[in-house]
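Please take a look at the sequence and the 3D structure shown below. The report that follows walks through some of the side-chain pairs in it.

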Amino acid sequence: MTMPSHCCARWCLHFLTFVVVLLVSSRRAPCQEEDDEEFGRGRPGLVATWTDGNQTISQLEGRLAFRLSENQAPHPQLSTERYSGSWRGRLFVQRPGPYRFLAELRGAFQLRLGGQGVLTSESDPFDDLRTIVSEPVDLPYGLVLLEAAYEKPRAGGAELRLFWQ
């Protein structure tokens, strides 16, 4: 998919906004159910949980974006062969209305906002970098629950970048 440079600049600007306005609770463990009143308080970022089937690592991440070669893992304690990640946090929507989400990725990915499926992509058998774009999603003003999941492809590197417009 080829976009004019002014469109790319707009997507990038929204990506930076997306990174800045993510909020999560740093007061509870990510595996516990979050109380809506407490959720969203704390430091900016998303609670990310990475696993390779043997080890599980939770950490605070500031964005939904990474590029890892075939011999890299998102954390030194994880295997480079097979891993998956999930993210949970709140997106602060300053202007209610319709938004589109775009993901550039290698691997399988799912994005949910407010419990609604927004983007889903199965792993590509050729492990090519691809772009998926959502239908318009109406988001209300305020904090919206963001949940995402990623699985590394069977071969090759892992890559994900999420944008919104």
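A search of the whole structure finds eight aromatic pairs. Here, rings of Phe, Tyr and Trp (its six-membered ring) pair if their centres lie within 6.5 Å; planes under 30 degrees apart count as stacked, over 60 as edge-to-face and the rest as tilted. Please keep in mind that this is a predicted model, in which local features need pLDDT of at least 70 and side-chain atom pairs count only at pLDDT 80 or more, while totals for chains, interfaces and linings use all residues. Residues are numbered from 1 along each chain as its sequence is written, and side-chain values use heavy atoms, with hydrogens and water left out.

**Aromatic pairs**

Let us begin with Phe66 and Tyr150. Their ring centres are 5.0 Å apart and their planes stand at 85°, so this pair is edge-to-face. Phe66 sits in strand 4 (residues 65–68) and Tyr150 in strand 12 (residues 142–151), so the pair ties together parts that are 84 residues apart in sequence. Strands (E, at least two residues) are DSSP runs, numbered from the N terminus. Both Phe66 and Tyr150 are buried. Buried means under 20% relative accessible area, exposed over 50%, and partly exposed in between (1.4 Å probe, protein chains only).

Another pair is formed by Phe92 and Tyr141, with ring centres 5.7 Å apart and planes at 70°, so it is edge-to-face. Phe92 belongs to strand 5 (residues 84–93), and Tyr141 to the loop between strand 11 (137–139) and strand 12, so parts that are 49 residues apart in sequence are tied together. Phe92 is partly exposed, at 24% relative accessible area, and Tyr141 is exposed, at 55%.

Ring pairs also link Trp50, Phe66, Tyr83, Trp87 and Tyr150 into a cluster.

**Salt bridges**

How many salt bridges does the count come to? The count is six, where a salt bridge is a side-chain nitrogen of Lys or Arg within 4 Å of a carboxyl oxygen of Asp or Glu. The table lists some of them.

| Salt bridge | Closest N and O atoms |
|---|---|
| Arg67 and Glu159 | 3.0 Å |
| Glu151 and Arg82 | 2.5 Å |
| Glu104 and Arg161 | 2.6 Å |

Arg67 forms a salt bridge with Glu159. This pair links distant parts of the chain, with Arg67 in strand 4 and Glu159 in strand 13 (residues 158–164), 92 residues apart. Arg67 is exposed, with a relative accessible area of 60%, whereas Glu159 counts as buried at 3% relative accessibility.

Glu151 pairs with Arg82 in a salt bridge. Glu151 lies in strand 12 and Arg82 in the loop between strand 4 and strand 5, so the bridge ties together parts that are 69 residues apart in sequence. Glu151 is partly exposed at 35% relative accessible area, and Arg82 is partly exposed at 29%.

Glu104 forms a salt bridge with Arg161. Glu104 is in strand 7 (residues 101–106) and Arg161 in strand 13, so this pair ties together parts that are 57 residues apart in sequence. Arg161 is buried, with a relative accessible area of 18%. Salt bridges that share partners join Arg67, Glu104, Arg106, Glu159 and Arg161 into one network.

**Around Ser121**

Ser121 is found in strand 9 (residues 116–121) and counts as buried, at 9% relative accessibility. The side chains of Ser121 and Arg130 are joined by a polar contact of 3.1 Å. A polar contact is a pair of N or O atoms within 3.5 Å; within protein, one must be able to donate a hydrogen and the other to accept it, and residues adjacent in sequence count only if both atoms are side-chain atoms.

Definitions and conventions. Helix = DSSP H or I, 4+ residues; strand = E, 2+ residues; numbered from the N terminus.
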